[in-house]
Amino acid sequence: MNLTKNMYAKDAEKKSILHSASWKVRHRIMRIWRVVLLGLFFALIPFIAQGAEMGKFRYEDFKNPERCRTCHKEIYQEWRQSLMSQSFTHHWDDVEYFKLALPHALKLDKVAEVKGGCIACHAPLAFLTGDIPPKTPAAGTRANEGVSCEICHSITGSTEKEPFNFSYTIKPGKIKFGPRKDGRSSFHGVEYSEFIRSPELCATCHDEQSPYGAWVKETYREWKDSPYAREGTACQDCHMYRAPGKAARGGKHRSDVAHHAFHGAHFPDKMNGAVDIALYADVKQVSPGSSVNVRAELFNGKVGHYIPSGSCEERMLWLEMTAIDAKGKTYSLTLNKKGFKGEEYTISDGKVSAYQAMGEIMGVKEFGGVKRDGNIPDGVRIFRRPFFDPKDRMTICQWYTAENSIVDYRIGPRETKVETYTWDILQNMSPGPVKITATLCYSLVPSSVGEFLELMPSEYAVVKVNTAALDIEVIK
């Protein structure tokens with residue numbers, strides 16, 4: 001309206017024609033402006049960014065990955081074995097959605113949107129076509145394609161500067177978006193995309209806020225605040241390693257073809273050695289009845305975000321410290337507490353129960369939860385960020401997370417965590433060599449949760465991330 005006044009102001013008292021004209025004249029002018037503005041709106045529609053929209057497309061708008069396999073054989077093989085292709089069919093994701101998230105969304109209005117929200121990233125074809133909720137993986141629908149070739153190579157950008165919560169914009173069709181300016185194909189068009197090369201592509205699904213406003217996934221934001229981002233190392237540099245080869249049959253031989261394995265925490269070989277461990281003792285020889293102080297230094301020098309990251313409400317990373325004397329007897333070293341706020345959540349305790357929301361959602365009467373820390377030994381350090389539901393209970397239901405800022409004791413990029421231990425040598429310990437060993441272990445979910453939900457044992461198997469050892473001697 002200010003623009004209209006400026007255009008039509010004439011009288012000495014700076015009264016506009018809109019204010020002095022008759023009602024009919026004003027009405028006629030406003031009708032003209034509405035036509036002009038509507039015309040501009042519809043002309044600009046193609047340039048107005050919109051996030052992923054449920055039900056906007058048909059399954060037929062997206063090619064099956066088998067079609068891509070014809071020309072991209074090796075890339076297809078890598079993708080097929082990756083978690084991207086299994087984002088919907090993977091056993092834990094299947095159980096988490098159909099046993100927990102979906103029933104909860106149908107019971108509680110506050111979390112109702114996760115019925116579709118989970119699927120927007122785990123089975124985007126189902127979300128984009130309105131197939132919500134999709135049938136289970138056993139039904140064999142196209143939801144099973146997970147994050148397929150057509151999804152990533154049809155994404156055009158995001159509605160958010162720092163993307164999260166499936167804020168991707170997508171344009172399926174004959175044009176495929178890729179990282180090469182000289183890409184060519186006889187089957188489809190190729191258009192260069194800066195976005196597909198960027199960490200922001202990953203952020204559209206790997207960063208997430210719960211319905212309660214808590215950041216429950218922040219892998220992109222963790223990376224962005226890290227030295228790796230400042231140095232120009234992107235997500236794709238670590239999770240899509242490059243090697244010489246051809247991206248497609250008949251394509252150019254290149255020195256840096258990106259491989260589509262997307263190795264992450266679900267692959268033990270990616271976890272092996274991810275954190276370095278160094279051990280130090282204050283003495284080399286110790287007498288029965290005295291004590292030895294041991295320092296363990298854990299350095300995250302290989303991971304560009306926190307470890308654990310992603311769904312860290314489920315992840316378990318812990319350090320076991322043991323000693324074996326000359327006769328083969330094993331001892332556990334006592335962790336020295338640091339006294340920071342929330343430290344009790346970072347020290348294992350087999351008497352503490354948690355995750356009661358699982359039973360409530362599943363209709364288990366008088367469910368008191370399961371062991372918070374699974375089957376790991378008592379008194380060991382856990383590197384975790386606990387999540388809490390609206391009833392102040394620890395939860396693995398990230399969509400039900402109201403608070404997760406009480407303590408974050410994970411290991412950041414290029415951060416060193418130092419843990420100290422005091423070991424009192426028994427009076428009757430046999431003299432001889434003693435080996436002190438630090439073992440850093442990892443599991444995708446607490447074993448107690450895996451057992452309760454009847455997951456495959458591989459879903460909560462213990463993975464050894466790294467070990468270190470030192471020798472001391474007990475002398476008389």
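Strand 11 (residues 291-299) has a covered face made of Val 292, Val 294, Ala 296 and Leu 298, while Ser 291, Asn 293, Arg 295, Glu 297 and Phe 299 make up its uncovered face. In a regular strand the side chains alternate between the two faces of the sheet. Strands here are DSSP runs of E with at least two residues, helices are runs of H or I with at least four residues, and both are numbered from the N terminus.

The model is predicted: local features need pLDDT of at least 70, side-chain atom pairs count only at pLDDT 80 or more, and totals for chains, interfaces and linings use all residues. Residues are numbered from 1 along each chain as its sequence is written, and side-chain values use heavy atoms, with hydrogens and water left out.

Two strands count as paired if DSSP finds at least two bridges between them. Strand 9 pairs with strand 11 over six bridges; in this pairing, Ile 277 has Leu 298 of strand 11 as its bridge partner. Leu 298 also lies on the covered face of strand 11. Nine bridges join strand 11 to strand 18, and Arg 295 stands opposite Thr 420 in strand 18. Strand 18 (residues 416-424) pairs with strand 14 over two bridges, in the antiparallel sense. Thr 334 has Thr 422 in strand 18 as its bridge partner.

Next come two helices. The axes of helix 6 (residues 91-107) and helix 7 (residues 114-122) come within 9 Å and cross at roughly 155°. Axes are lines fitted to C-alpha atoms, for helices over the stretch in contact, and angles run from 0 to 180 degrees between N-to-C directions. Helix 6 is therefore roughly antiparallel to helix 7, a term for angles over 145 degrees. In contact (heavy atoms within 4.5 Å) are residues of helix 6 including Tyr 97, Leu 102 and Leu 106, and residues of helix 7 including Val 114, Cys 118 and Ile 119. By class, this contact has eight nonpolar, one polar and two charged residues. Nonpolar covers Ala, Val, Leu, Ile, Met, Phe, Trp, Tyr, Cys and Pro, charged covers Asp, Glu, Lys and Arg, and the others, Gly among them, are polar.

For the whole protein, the secondary structure comes to 16 helices and 20 strands.

Notes:
Parallel < 35°, antiparallel > 145°, perpendicular 65-115°, else oblique. Buried < 20%, exposed > 50% of the residue type's maximum accessible area, 1.4 Å probe, protein only.
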